Amino acid sequence: MNILITGASSGIGKQLALDYAAKGHQVWGQGRNKERLQELTDKGITALPLELADLAKVRASLSELPAMDLIVLCAGNCEYLDPECFDAELFSRVWQANVLTVANCLDGVWGQLKPGSQLALVGSLAHLLPFSQAGAYGSSKAAIHYLSQALGTDLAAKQVSVHCVQPGFVKTPLTDKNAFAMPNMISSEQASQYIMKGLAKGKTSINFPGVFSGILHFLNCLPVSWQQSLCRRLAHKEGA
Ligand SMILES: NC(=O)c1ccc[n+]([C@@H]2O[C@H](COP(=O)([O-])OP(=O)(O)OC[C@H]3O[C@@H](n4cnc5c(N)ncnc54)[C@H](OP(=O)(O)O)[C@@H]3O)[C@@H](O)[C@H]2O)c1
């Protein structure tokens with residue numbers, strides 16, 4: 001298969017790129033950090049050094065690629081809001097990294113989407129509960145969830161399947177920055193296996209790990225005031 005993975009220079013995207021390449025697939029891995037991209041090149045992956053916030057560059061770079069069998073849009077970032085002071089610049093950075101880069105990539109690959117191919121957007125289970133300080137990150141991932149479903153509606157006509165990948169906590173440089181407790185954390189190797197299996201089965205929503213996902217989906221069905229009370233208690237426990 002021809003596979004394009006964004007955010008392949010680190011964390012989940014990197015592991016996914018390595019795992020698909022090890023299975024003999026032709027992988028293009030996007031990132032920005034040149035040293036980390038070199039590690040991909042050493043493993044036979046075609047490195048795509050690219051700032052995804054730059055639409056003109058994304059269009060020029062992605063539209064030159066051959067048609068892909070699988071596209072995984074994994075690049076993203078996380079920053080937390082200070083409840084004492086709403087920071088619109090932080091909010092904008094998070095949405096730029098998690099939502100607008102996805103829009104840029106979709107614009108870049110749209111013309112080459114071929115029948116039978118798969119498009120996966122990496123969201124997060126985080127949008128299922130109104131966690132304290134997570135207004136920017138959670139809302140960006142809620143947008144990815146909606147976007148993947150709406151794209152699935154429209155791309156069915158082109159016989160392109162759309163998948164939303166929603167991880168819980170995965171140990172990566174992104175979560176290494178977090179000082180709070182992260183229950184049910186898994187490795188990037190485990191995350192990559194969940195994603196590959198989910199895509200191979202054609203699952204529309206790939207949520208993992210299972211128990212953690214089940215708990216969050218259950219809590220998501222409770223009245224919002226209960227969810228907020230629970231999230232306030234969790235934040236209080238963490239001393240936020
Ligand atoms: N780790 C978790 O627990 C977790 C949980 C749920 C969802 N997720 C989601 O999974 C995805 C990957 O997360 P991760 O934990 O693997 O993070 P990570 O290790 O920090 O990797 C993030 C990747 O995204 C790239 N990137 C970020 N902003 C970019 C931009 N503007 N232009 C180009 N590339 C950009 C980075 O490139 P460079 O480093 O080369 O700049 C890097 O390759 C994210 O969408 C994240 O929200 C992660």
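## The loop between helix 5 and strand 6

Lys158 is situated in the loop that runs between helix 5 and strand 6 (161-167). The model is a predicted one. With a relative accessible area of 37%, Lys158 is partly exposed, because that value falls between the limits of 20% and 50%. The C-alpha atom of Lys158 is separated by 14 Å from that of Leu70, and the two residues are 88 positions apart along the chain.

Gln159 is found in the loop between helix 5 and strand 6. The phi angle of Gln159 is positive, at about 60°, although this residue is not a glycine. Gln159 counts as exposed, since its relative accessibility is 56% and the exposed class begins over 50%.

His163 belongs to strand 6. The relative accessible area of His163 is 1%, and this residue is therefore buried, the limit for that class being under 20%. The side chain of His163 is joined to the side chain of Ser161 by a polar contact of 2.8 Å.

Ser148 has a relative accessible area of 4% and is buried. A polar atom in the side chain of Ser148 lies 2.8 Å from the backbone oxygen of His145.

## Surroundings of the ligand

The ligand has 31 residues around it, of which Ser9, Ser10, Arg36, Val170 and Thr172 come nearest. By class, this shell consists of 13 nonpolar, 14 polar and four charged residues. Four elements each supply at least two residues of the shell: helix 1 (11-22), strand 2 (26-31), helix 5 (135-155) and helix 6 (173-176). Helix 6 makes the greatest contribution to the shell, with three residues.

For Arg36, an N or O atom of the side chain is 2.5 Å from an oxygen atom of the ligand. For Gly168, the atom concerned is a backbone N or O atom, which lies 3.4 Å from an oxygen atom of the ligand. Taken alone, the ligand exposes 900 Å², and the protein buries 93% of that area.

Asn184 is placed in the loop between helix 6 and strand 8 (186-187). The phi of Asn184 is near 55°, a positive value in a residue other than glycine. Asn184 counts as partly exposed, because its relative accessibility is 43% and the class spans the range between 20% and 50%.

Gly202 is found in the loop between helix 7 (188-201) and strand 9. The relative accessible area of Gly202 is 38%, and Gly202 is partly exposed. Although Gly202 and Ala17 are 185 residues apart in sequence, their C-alpha atoms are 19 Å apart in space.

## A cis peptide bond

Pro209 is placed in the loop between strand 9 (205-208) and helix 8 (210-219). The peptide bond that joins Phe208 and Pro209 is cis, with an omega of about -5°.

## Helix 9

Helix 9 covers residues 224-237 and has 14 residues. From its first C-alpha to its last, helix 9 reaches 20 Å, which is close to the 20 Å expected at 1.5 Å a residue.

How are the buried residues of helix 9 arranged when seen down its axis? Gln227, Cys231 and Ala235 are buried in this helix. The buried residues fall within an arc of 75° about the helix axis, so they line one face of helix 9. The face turned away from this buried side carries the exposed residues Trp226, Arg232, Arg233, His236 and Lys237.

Key:
Residues numbered from 1 in each chain as written. Predicted model: local features only at pLDDT ≥ 70, side-chain atom pairs only at ≥ 80, totals over all residues. Heavy atoms only, no water. Near = heavy atom within 4 Å. Polar contact = N/O pair within 3.5 Å; in protein donor to acceptor, adjacent residues only side chain to side chain. Areas by Shrake-Rupley, 256 points an atom, 1.4 Å probe, with all protein chains shown as cover. Nonpolar A, V, L, I, M, F, W, Y, C, P; charged D, E, K, R; others polar. Expected span 1.5 Å × (residues − 1). Buried < 20%, exposed > 50% of the residue type's maximum accessible area, 1.4 Å probe, protein only. Arc of directions from axis to C-beta.
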